[in-house]
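Hi,

Here's the structure I promised to pass on to you.

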Amino acid sequence: MEKPRFDPPSLPLALVPVILTLGLLALQLFYFGDFTPHIPLVIGLAITGLVGVLRGQEWLDIREGVFHVIHVSMPSLSVLIVVGMIIGVWIASGTVPTLIYYGLTLLNPSIFLAAAMILCSVVSLSLGTSWGTVGTVGLALMGIGAGFGIPAYWTAGAVVSGAFFGDKISPLSDTTNLAPAVTGVNIFDHIRNMLPTTVPAMLIALVAYLVAGYALIGSDEASFGAIERITAELDERFEIGLVPLLPALVVVILALTRKPPLPSLFAGVLAGALIAIFQQGAGVHDVFTYAQSGYVLETGVAEIDSLLNSGGIQSMMWTISLMLIALGFGGALERTGCLEAIITAIIARVKSFAAVQSSAIATAFATNLVAGDPYISIALPGRMYSPLYRGMGYSTLNLSRAVEEGGTLMSPLIPWNAGGAFVISALGLGIMSGQIQNLLYIPLAFACWTAPLIGIFYAFTGFFSPRATDDERAAWAKSSEDVMDLEDHALSDSRG
């Protein structure tokens, strides 16, 4: 028997679970000072389900929507598990210690932040995964930054800027493939159309990190004594050299040959395990423990112990549980039609291309904020706004860029979002243990939030805002794509 089709709720009713959930999050985070957003999101899921049931939906149908979104995001959750294993095993293999050692001895402290951003961009572009970059190279860079005496939030901001921008323009990235898929454009056209916002944002971030580097570390201010203590301790505890870098090389080669991310990352775990056993002298059971529970080391050097006592599958469980709940909440909002009702209300009120483009970016960001999932924040606005862009005569390349900027780039800047929760956990920012100051990485991830602003500027000036070509219109007709009729719409005077 076919399930009945339910119309979306009214806008006020659709806003009820959203507003109540945001209120509960604010209560938990700011009033109680407890950075554990799990329970507010669970209550939000329950409220959303109640709204659907009161409107006549079956709970099993709502549950199906919850599990559908979780199922779609299972590859990302799997990456989290493998990255947890990588962190623990790569510390034991000497891979992370070697990267920290060479970074401290070869990098100029004043240009470290800029170099960290560039390095993460290159690695993420090659791997096609921002999370894999953050959990491996990013962790090593946190150690280097600590050695230079740079606050953790500055290093984390540079890592996030580079990792998520490399991910955004990598043809191997899942989000880079998702955005053009839901808006009906070619992936390489989509990547080219993102460059006008990507390049200026990266240049702005580069200048900011260079200025910050010279301001944070003057010529006489770097703690070279601390650097010497760290490098000497690493040299004593681990076999430093080129061999420990082989696991990272394995992952990069597999990524460049376009092998799937999950097996490629797991191959890095296996390579790290072999080096930990045969070069660093770890036992087989020790390696199993490092992969499961993380690496444990007591050197007496606080900078080393705080960074190298990490990793393991269990270190990711807080993040995974948060992601499961946030994804479920997003799935409930989508299945009950609440998100659709809100987006439809926005579409009905915009009156120009600039307003539409700005609204698409803002909608992707707001979906990220509420649903906690970058995939929903790309897929839902991408589906909902596409007919409007076609009706206006604008290329949906504008939309694919908008949802990437509001979705992919803003994800790591929202602490309870999947991206933000992973960054906080993988980089060891210690937010849950009271180091709230490390949330300053959010405004310091310059490249992530300047790109959407540049995109909005282009929308109002008309720069890099392509109209639909004849070939694109023909493709819409051939694929029977929905094209919104704007005769009775406020945008009727804005069609191309």
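Glu-405 and Lys-168 join their side chains in a salt bridge, with 3.8 Å from N to O. By salt bridge I mean a side-chain nitrogen of Lys or Arg within 4 Å of a carboxyl oxygen of Asp or Glu. Glu-405 sits in helix 20 (residues 397-407) and Lys-168 in helix 8 (residues 152-168), so this pair ties together parts that are 237 residues apart in sequence. Both Glu-405 and Lys-168 are buried. Buried here is under 20% relative accessible area, exposed is over 50%, and partly exposed is in between (1.4 Å probe, protein chains only). Helices are DSSP runs (H or I, at least four residues), numbered from the N terminus.

Before you go further: this is a predicted model, where local features need pLDDT of at least 70 and side-chain atom pairs count only at pLDDT 80 or more, while totals for chains, interfaces and linings use all residues. Residues are numbered from 1 along each chain as its sequence is written, and side-chain values use heavy atoms, with hydrogens and water left out.

Back to the charges. The salt-bridge count comes to five. Arg-335 pairs with Glu-64, their closest N and O atoms being 3.9 Å apart. That pair links distant parts of the chain, with Arg-335 in helix 16 and Glu-64 in helix 3 (residues 59-72), 271 residues apart. Arg-335 is partly exposed at 28% relative accessibility, and Glu-64 is partly exposed at 40%. Asp-61 belongs to a salt-bridge network with Glu-64 and Arg-335.

Asp-189 and Arg-192 also form a salt bridge, at 2.3 Å from N to O. They are three residues apart in helix 10 (residues 187-216), which means about one helical turn separates them. Asp-189 is partly exposed at 30%, whereas Arg-192 counts as exposed at 51%.

Now the inside. Which residues touch the most other members of the largest nonpolar core? Phe-164, Tyr-209, Leu-308, Tyr-385 and Tyr-441 do, out of 140 residues. Such a core is a set of buried Ala, Val, Leu, Ile, Met, Phe, Trp, Tyr and Cys residues joined through side-chain atoms within 4.5 Å. Helix 4 (residues 74-92) gives the largest share, 12 residues. Not counting residues up to four places away in sequence, Phe-164 touches several residues, including Trp-131, Leu-409 and Cys-448; touching means heavy atoms within 4.5 Å.

Methods. Helices (H or I, at least four residues) and strands (E, at least two) are DSSP runs, numbered from the N terminus.
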